[in-house]
Amino acid sequence: MTVQPLIFYPDARLRLRAEPVRIFDDALRDLARDVRDTLDAAQAVGLTAPHIGRLQRLVVLRLEPGAEAETFVNPEIVWASPERASGTEGSVLMPGVAETVERAAALRLRFQDLDGAWHEEAAESFRAACHQHEIDQLDGVFWIERLSRLRRERVLKRFRKRSG
């Protein structure tokens, strides 16, 4: 198990766009393992390579405890429904705060596996929100940027209060 240190909000690296993965080798599999191990240690639902300081487009999701972790390389949303859905979001990088975020209710995702093969999947509800949340992070968009200015300021105030 190789747990890596997390980058916590407001670290400026969270605003950087991750680079596409171009080489599919043992180093990429090691990175995926590190992200998965760190996700497990943090008890997170999703984690990206940038969360551990590696600016590569790699996401690991485990939507339910005990479920198999899934790895998505170079994920991109190729279609998002016009219908919207609201759900509570937060981040292990900003512990102790959460807020309701509105996102597309369903989407179609295109991604590569650890061998470089392309796949597509449809997602809706919680799974769709998780994909959007993590892809935002790959694009340097932290989840609180999806809130209105007033709601974002309230979240930041609660976060500052909790983190002393």
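**View 1. Asp-30 and its salt bridge with Arg-33 in a predicted model.** Asp-30 is partly exposed at 38% relative accessibility, where buried means under 20% relative accessible area, exposed over 50%, and partly exposed in between (1.4 Å probe, protein chains only). Arg-33, with a relative accessible area of 37%, is also partly exposed. The closest N and O atoms of the pair are 2.8 Å apart; a salt bridge is a side-chain nitrogen of Lys or Arg within 4 Å of a carboxyl oxygen of Asp or Glu. Helices (H or I, at least four residues) and strands (E, at least two) are DSSP runs, numbered from the N terminus. The model is predicted, local features need pLDDT of at least 70, side-chain atom pairs count only at pLDDT 80 or more, and totals for chains, interfaces and linings use all residues. Residues are numbered from 1 along each chain as its sequence is written, and side-chain values use heavy atoms, without hydrogens and water.

**View 2. The salt bridge between Arg-57 and Asp-139.** The N to O distance is 2.9 Å. This pair links distant parts of the chain, 82 residues apart. Arg-57 is buried, with a relative accessible area of 8%, whereas Asp-139 is partly exposed at 26%.

**View 3. The buried side of helix H3 (residues 149-163).** Arg-152, Val-155, Leu-156 and Phe-159 are buried.

How values were computed
The expected span of a helix is 1.5 Å times one less than its number of residues.
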